[in-house]
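Trainee: I am new to this structure and would like a close look at a single part before I try to follow the rest. Could you pick one element, take me through its residues with care, and then carry on from there?

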Amino acid sequence: MNLGVIGAGYVGLTTAICLASLNHKVIIYDTDRRKIEKIKNKQMPFFEDGLQNLLEKTITSKNLICVDNIDNLVQDTDFCFICVGTPTTQDGFIDLTQILAAITSLAVSLQKNKKNDFVIIIRSTVIPKTTRSKILPILKEILGEQQFGLCVVPEFLREGQALGDFVNPDKIVIGGFDEQSKDLVEKIFEYFKVRAKIIKTNPETAELIKYTNNAFFSLLISFANEIANISEKISGVDSFEVMNALISDKRITTKLDAGDIVPELKSYLIPGCGFGGSCFPKDVRAILQYASINQVKTPILNAVLEINDERPRRIVSMAESLLGDLKGKKIAVLGLTFKPDTDDMRSSPALTAIEIFQNRGATIIAYDPLISKKNQENPFDFALAKTIDACLDKCNLAILFTKWAEFQSINSNFLKQHMENPLIIDGRGFLDQSKFERNTYYKIGFVK
Ligand SMILES: NC(=O)c1ccc[n+]([C@@H]2O[C@H](COP(=O)([O-])OP(=O)(O)OC[C@H]3O[C@@H](n4cnc5c(N)ncnc54)[C@H](O)[C@@H]3O)[C@@H](O)[C@H]2O)c1
């Protein structure tokens, strides 16, 4: 099929590469010309495991073509995925600037090129009723009598596992205004139907399903963190042990003679320094604001964010209780991305904590396996070490924010090589505490 993708970010480029590798002819367009140039030259603009190789293959085979003029996309395609960003504004509302601009330029080009029966697929996450009340009127106004299809098909991939999630989706939600467009869109996803559940519904339900997904997983994380807060008040209670016991309940873990089937939601029921990234914080905030303007009370979602917003501050207060006044103290931050296996730092708890530490007079040096390697020049207002050794050198305290595999071998001996008084806070409960000497290792969610 001839498919277009607008927006070459984490979602758009993943969608384009994966569909091109399934032998669709895909054209991708982005307003960021430097990004398009980079992709044309077979270079990923962000890190996502497995995609670099597929990008090279799909560009070489010409199944994937990059354009910086939207007319070139419209002329040779019949469908277009809209994958531009939908961030939140300062006051938590969804910012539709990118998506409305993308829809407008697509409609203008469809009109100019006299394209009929073109199907537009909203892949970006948008608040319920956005497609009907904001996107559809623009299309109708510009396209007039020209026929077109419109569907909401949210994306559920996780950064760090984007390739696997895209090629092996658990559900494909198709929210359309008419049956014909839904059937056409379903054809694009034919390959995935063996495993994935196809849910055909109306646009508003599709829009809400996406928010419900993200709100639910955020809720699990905040629940684990609330239990961590309680555990920290009871000496000797390890919240990680508590959560592991919960997960082994047969209502969560399916018990079979052949062994337990532990659900993937286990990875969310883990205490830590909070969720970040480009989706959970912004989507929970946006659905909360949407509920609020519709006079719906959301005590659960309010608490999810309140608990999460507190997590970086919790790390700072742990540091203060260990070091006293933070002024002049040198703190090594291990991990800047919001989770491992991605270079995405959007809403990363590490960055929030760093800002608080700096305001309290501490000096920060950070190391992140991907970010340190990627940046020849330091883009931050704190030091960026090239290696973990350089990062730990002569610091007063190390704090682990991201579960990078490289950090897992950290132990007392390693810390001793660099720190006069080895001291680490494990913000993710990731390290093996038995490998640390007394009074050197402290974990969020546990007070000895
Ligand atoms: N990142 C994720 O893990 C993820 C997962 C599921 C859903 N989503 C949703 O998918 C959408 C995209 O997210 P992302 O993380 O890929 O965003 P991103 O910021 O990485 O990429 C957006 C891209 O759109 C481009 N763009 C902006 N305006 C444009 C326009 N008018 N025309 C053409 N290109 C334009 C930008 O230059 C950028 O390259 C968001 O709505 C997000 O909530 C993201």
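Mentor: In this model, which is a predicted one, Glu241 and Ala245 of helix α10 are exposed, and they lie on the other side of the helix from Ser239, Phe240 and Met243, which are buried. The helix itself covers residues 239–247. Seen down the axis of α10, the buried residues fall within an arc of 100 degrees, so they line one face of the helix.

Helix α9 comprises residues 203–231 and packs with helix α6, residues 130–143, at an angle of about 115 degrees, the two axes being 9 Å apart. On the α6 side the contact involves Thr130, Thr131 and Arg132, and these meet Pro203, Glu204 and Glu207 of α9. Sorted by class, this contact has one nonpolar residue, two polar residues and three charged residues.

From the helices we can turn to strands. Strand β7, residues 171–176, pairs with strand β8, residues 197–201, in the parallel sense over five bridges, and within that pairing lysine 171 stands opposite lysine 197. With strand β6, residues 148–152, β7 pairs in the antiparallel sense over two bridges, and here valine 152 stands opposite glycine 175. Leaving out residues up to four places away in sequence, isoleucine 172 touches Val153, Phe189, Phe192, Ala196 and Ile198. Alanine 196 is 24 residues from isoleucine 172 in sequence, yet their C-alpha atoms are 6.5 Å apart in space.

A further group of strands forms an open sheet of six, in the order β13-β12-β11-β14-β15-β16, with parallel pairing. Its edge strands are β13 (383–384) and β16 (441–443), each of which pairs on one side only. Within the sheet, β11 (residues 330–334) and β14 (residues 397–400) run parallel and are joined by four bridges, and leucine 334 stands opposite leucine 400. Helix α12, residues 299–323, packs on this sheet, where it touches β11, β14, β15 and β16, and its direction makes about 155 degrees with that of β14.

Lysine 42 lies between α2 (33–40) and α3 (51–60), and it counts as partly exposed because it has 15 C-beta neighbours inside 10 Å. Apart from its neighbours within four places in sequence, lysine 42 is in contact with Leu55, Glu56 and Ile59, while threonine 60, which is 18 residues away in sequence, is 8.5 Å away in space, C-alpha to C-alpha.

Finally, there is the ligand to consider. It has 26 residues around it, of which Gly7, Gly9, Val11, Ser124 and Thr125 come nearest. Helices α1 (10–21) and α5 (97–112) each supply at least two residues of this shell, whose members divide into 11 nonpolar, 10 polar and five charged.

Technical notes:
Residues are numbered from 1 along each chain as its sequence is written. This is a predicted model: local features need pLDDT of at least 70, side-chain atom pairs count only at pLDDT 80 or more; totals for chains, interfaces and linings use all residues. Axes are lines fitted to C-alpha atoms, for helices over the stretch in contact, and angles run from 0 to 180 degrees between N-to-C directions. Two residues are in contact if their C-beta atoms, placed from the backbone, lie within 7 Å. Ala, Val, Leu, Ile, Met, Phe, Trp, Tyr, Cys and Pro count as nonpolar, Asp, Glu, Lys and Arg as charged, and the others, Gly among them, as polar. A residue is near a molecule or strand if its C-beta atom, placed from the backbone, lies within 6 Å of it. A residue is buried if 20 or more other C-beta atoms lie within 10 Å of its own, exposed if 12 or fewer, and partly exposed in between; C-beta atoms are placed from the backbone. The arc is that of the directions from the helix axis to the C-beta atoms. Two strands pair if DSSP finds at least two bridges between them.
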